[in-house]
Amino acid sequence: MIRKVLISDFDGTMTQSDFYQLAIEFLLPAETPDYWADYRAGRITHFEALRRYFAAIRATDEEVLAVVRKMNLDSGLAAAVRNLRQAGWQVVVASAGCDWYIRRLLADAGVSVEVHSNPGHLQAGQGLQMVMPTGSPYVSATLGINKTAIVQHFLADGATVAFAGDGFPDADPARLVPQDLRFARGDLAQLLEAEGLTFHRFEAWCDIAQVLLQRSS
Ligand SMILES: [Mg+2]
């Protein structure tokens, strides 16, 4: 049987907001340096920028969890994943963020899917400690989890592969999939548009499921 796989980014794709942006707004001391600018200027990696922000968090577990909930996971996610599964689509989360909040949000929503992300844990006085994945076949020195390698793995397997994302690290994997299976919003949409590449624009994750379900019927 030919498999159909939707590989999805998490922050800003399954959720409306990125954890690191909310962390800057609500959890970080005002004097925290602009690590995102350092990343965009090529001075530090994407992984290092997120790692520094997360480690700079100085808040109680309850305060951090309240911010995780502010990410606003798509309320229709569980139903959409179920419908996709019935139509033969497997959903795989591929995130250069941290699996600590991803697994928590998915579990709270009753969603059970394969997750590839960077491990981490909250540590009193040291924020969210994110580390490079170990034991994963999909590792990038600059991103931690390597989404491109995940897409390549399923393509090599002969699967039909869709990809959805919203950020700069999503550009390489998005270019690898067919245009009618490419979903983008935010920075990724802008970037693909500038390259003249075709994609489906989405607002909420459920929109992606809708397009794929119509396609399979
Ligand atoms: Mg994202």
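Guide: Gladly, let us begin with isoleucine 7. Leaving out residues up to four places away in sequence, isoleucine 7 touches Val92, Ala94, Lys147, Ile150, Val151, Phe154, Val161, Phe163 and Pro173, where a contact means that two C-beta atoms, placed from the backbone, lie within 7 Å. Please keep in mind that this is a predicted model, in which local features need pLDDT of at least 70 and side-chain atom pairs count only at pLDDT 80 or more, while totals for chains, interfaces and linings use all residues. Residue numbers start from 1 along each chain as its sequence is written.

Ile7 also belongs to the largest nonpolar core, which has 60 residues; Leu6, Ile7, Ala23, Val161, Ala162 and Phe163 are the members that touch the most others. Such a core is a set of buried Ala, Val, Leu, Ile, Met, Phe, Trp, Tyr and Cys residues joined through C-beta atoms within 7 Å. Buried means that 20 or more other C-beta atoms lie within 10 Å of a residue's own, against 12 or fewer for exposed and values in between for partly exposed, again with C-beta atoms placed from the backbone. Strand 2 (residues 89-98) gives this core its largest share, six residues. Helices (H or I, at least four residues) and strands (E, at least two) are DSSP runs, numbered from the N terminus. Because domain 1 (4-16 + 76-120 + 132-216) and domain 2 (19-70) both give residues to the core, it lies between them; the domain bounds come from an automatic or database domain assignment.

Now to the two domains themselves. Their centres, taken over C-alpha atoms, are separated by 22 Å, and twelve residues of domain 1 are in contact with seven of domain 2. On the domain 1 side of this contact, strand 2 and helix 6 (99-108) each supply at least two residues.

Six strands form an open sheet in the order 3-2-1-8-9-10, with parallel pairing; strands pair if DSSP finds at least two bridges between them. Strand 3 (114-118) and strand 10 (200-201) stand at the edges with a single partner strand each, so one side of each has no neighbour in the sheet. Strand 2 and strand 3 run parallel and are joined by four bridges. Here we meet a contact of Ile7 again, Val92, and valine 92 stands opposite glutamate 114 in strand 3.
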